Amino acid sequence: MNTGILSLGIIMFYLIAMLVITVLNGRKKKQKSAEGFFLANRGVSSVLLPLTMIAAMQSTFAFLGAPGMYYTHGVSYIAIVLSQVWVALMVVYFGNKIRKLAIKNGYMSLGDYFQDRYDSKYIKVFASCVSVLMTMVFLAMQYVGNARAMSIVSGDAISYQWAILVSVIFSLLYVLIGGAGGVVLLDAVQAIILLLGIVVAAWIALVPVGGIQELFHQVAETAPELLSRPGPKGTYTGKYWFMQFIVLPFGIWLCPHVWMKSLMAKDENALAKSAISIPVSQILIYGFATLFIGFAGHLLLTPEQIGAADNVLPVMMTIHSKWFIAALVMAAAIAAGISTINAMLLVSSQIVSQDLILLNKKGMISEKKNMLLSRTIVLVIAAVCGVIALNPPETLVQIVQDVAYTGLAQLAPAFLLGLYWKKCTRMGAACGMTAGIVILFATRILNVQPLGWPGFMWGFFTNILLTVLISLVTSKGNGERA
Amino acid sequence: MNHKLIGIIFVILYLLGAVPFAFTEGAQAYLFGWLPLSLAYWWVLMIVNLIFVLWVCKRFVESSKEEEEE
């Protein structure tokens with residue numbers, strides 16, 4: 001029988017097995033309220049929260065994007081590990097503070113916090129729109145990753161378009177049946193699978209090369225520019241390298257699907273363990289495994305075999321391992337994608353339904369109607385992202401890093417200054433945030449880098465400056481919190 | 001929690017990662033004949049960062065337990 005069809009069978013079996021887990025778990029935990037559906041009743045334990053954090057953070061990028069980045073830019077991509085480690089401290093410090101405030105004031109989202117802190121619907125709506133649009137970019141790219149993995153490893157037994165449809169349908173079933181409570185258990189299983197999968201993939205990449213030492217020997221001989229900054233394409237200049245240490249920690253922590261984990265924590269212990277899971281998984285995946293895979297791609301595959309850089313891992317698996325191992329590794333890649341999609345679908349639907357559609361009607365409709373609305377929004381968002389994914393860009397990471405993370409990081413000044421600086425005012429936060437986003441996208445659209453610094457940096461520091469200066473010269477409104 | 005000490009260590013480790021040192025650019029020296037110096041530096045820093053995060057998280061849990069008991 002055609003091994004492509006058999007590989008597809010393994011992946012479908014995996015997706016169905018995950019659905020069975022969701023259905024069985026969903027029967028035990030009926031989600032009757034929006035808080036239960038979106039936040040698992042704020043009771044996720046110290047065993048499940050770290051695993052669900054790994055599952056949310058580690059997406060198909062771990063299997064497709066990251067090896068592609070090492071393949072293209074060389075060792076400089078390790079900036080991702082060195083910068084993202086600080087998300088762990090953000091979870092401990094800012095996450096715990098917002099968790100306590102959320103329990104006290106009933107926040108379910110970043111928008112709720114902004115409205116309460118600044119008594120401003122403008123800030124809430126603006127931040128919610130930025131969050132949901134950036135998350136949808138991210139989400140669409142996850143569908144792209146899943147579909148690419150599925151169609152390559154099945155030898156095109158399923159077309160890219162059908163693979164998108166399969167990904168959309170399964171992610172919808174998981175989320176609509178399970179809600180956050182069901183997804184947490186599913187995520188825990190998928191986190192373990194994805195970590196095992198990436199280790200196996202690195203092993204498969206290293207064996208034909210002859211081990212780690214031989215890998216570096218050969219890369220030093222054939223492509224030494226991969227082994228230092230700024231990399232073969234000259235991307236990781238000093239300024240770009242430094243920017244990673246601002247964009248990535250803030251951009252990733254303010255991803256709603258990551259941020260929300262702090263609100264789901266049962267206690268401080270769960271929060272701390274989820275923080276630790278970040279560097280542990282980052283080091284395993286980005287510090288070692290994907291570095292080896294990306295470099296091995298240079299030695300074992302030709303550019304013609306690979307096509308787009310994101311295809312390094314799936315192509316390597318299909319050529320250098322047995323078909324069923326390739327299928328299992330790709331099932332792990334799909335696990336990574338699906339688990340992130342689940343978290344993103346939930347959080348996007350929450351923002352759209354609770355923060356935007358019910359902006360003035362919260363508490364005025366029944367829980368039953370609220371749940372129906374939330375589920376309908378999940379359906380709409382999945383469909384929209386599926387359609388976006390039909391015309392994918394060549395490399396996933398660059399799109400998310402350039403658009404989603406940089407946009408989300410612009411919410412950081414209003415969030416952090418609001419949390420720790422009593423004098424921060426509504427006017428300051430609104431002007432700073434708006435200016436930051438406008439500058440970010442204007443420089444992006446015009447494709448300019450004033451004085452050689454990326455537009456993000458101009459937007460981010462203008463954002464901080466305006467927030468502080470305007471706060472100093474304006475006074476707080478009546479409803480603003482201290 | 002000793003926030004001052006944590007803050008100081010954080011700033012040092014952050015800068016050690018964020019500053020694009022000249023030795024990480026261009027042709028590399030190789031440790032043990034195969035490991036590029038830049039990568040060796042980043043791997044060591046990565047592990048030191050992890051140890052620091054583990055320590056902060058441990059202190060954070062202990063301190064919240066103490067607060068609860070009080």
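Chain A of this predicted model is divided into domain 1, residues 3-396, and domain 2, residues 410-482, the bounds of domains being taken from an automatic or database domain assignment. Residues are numbered from 1 along each chain as its sequence is written, while chains are lettered from A and ligands numbered from 1 in the order in which they are written. Because the model is predicted, local features need pLDDT of at least 70 and side-chain atom pairs count only at pLDDT 80 or more, whereas totals for chains, interfaces and linings use all residues.

The centres of domain 1 and domain 2 of chain A, taken over C-alpha atoms, are separated by 28 Å. Between the domains, 21 residues of domain 1 of chain A are in contact with 23 residues of domain 2 of chain A, two residues being in contact if their C-beta atoms, placed from the backbone, lie within 7 Å. On the side of domain 1 of chain A that touches domain 2 of chain A, at least two residues each are supplied by α5, α6 (110-118), α7 and α10 of chain A, and α10(A) gives the most, with six residues. By class, this side of domain 1 of chain A holds 15 nonpolar, one polar and five charged residues; here Ala, Val, Leu, Ile, Met, Phe, Trp, Tyr, Cys and Pro count as nonpolar, Asp, Glu, Lys and Arg as charged, and the others, Gly among them, as polar.

Chain A contains 20 helices and zero strands, where helices (H or I, at least four residues) and strands (E, at least two) are DSSP runs numbered from the N terminus. The C-alpha atoms of chain A fill a box of roughly 70 × 55 × 40 Å along the principal axes. For 482 residues, a compact globule would have a radius of gyration near 23 Å, and the 22 Å of chain A agrees with this; the radius is taken over C-alpha atoms, and the globule rule is 2.2 Å times the number of residues to the power 0.38.

Two packed helices are described by the angle between their axes and the distance between the axes. Axes are lines fitted to C-alpha atoms, for helices over the stretch in contact, and angles run from 0 to 180 degrees between N-to-C directions. Helix α7 (residues 121-153) of chain A and helix α16 (residues 367-389) of chain A have axes that come within 8 Å and cross at roughly 60°, which makes α7(A) oblique to α16(A). Angles under 35 degrees count as roughly parallel, over 145 as roughly antiparallel, 65 to 115 as roughly perpendicular and the rest as oblique. The crossing of α7(A) and α16(A) is right-handed, a crossing being left-handed if the near helix is turned anticlockwise from the far one by less than a right angle, and right-handed if clockwise. Among the residues that make this contact are Met136(A), Leu139(A) and Tyr143(A) of α7(A), together with Ile381(A), Val384(A) and Cys385(A) of α16(A), and the contact as a whole comprises 11 nonpolar, one polar and no charged residues.

The axes of α6(A) and α7(A) also come within 8 Å, but cross at roughly 160°, which makes α6(A) roughly antiparallel to α7(A). This crossing of α6(A) and α7(A) is right-handed, and its contact includes Phe114(A) and Tyr118(A) of α6(A) as well as Lys121(A) and Lys124(A) of α7(A). In the contact of α6(A) with α7(A), five residues are nonpolar, four polar and two charged.

Helix α18 (residues 412-420) of chain A packs with α19(A) at an angle of about 155°, the axes being 8 Å apart, so that α18(A) is roughly antiparallel to α19(A). Here Pro413(A), Ala414(A) and Gly418(A) in α18(A) meet Ala429(A), Gly432(A) and Met433(A) in α19(A).

Most residues other than glycine have a negative phi, and most peptide bonds are trans.

Chain B has two helices and two strands, which follow the pattern α-β-β-α along the sequence. The radius of gyration of chain B is 17 Å, well over the 11 Å that the globule rule gives for 70 residues, so chain B is more spread out than a compact globule.
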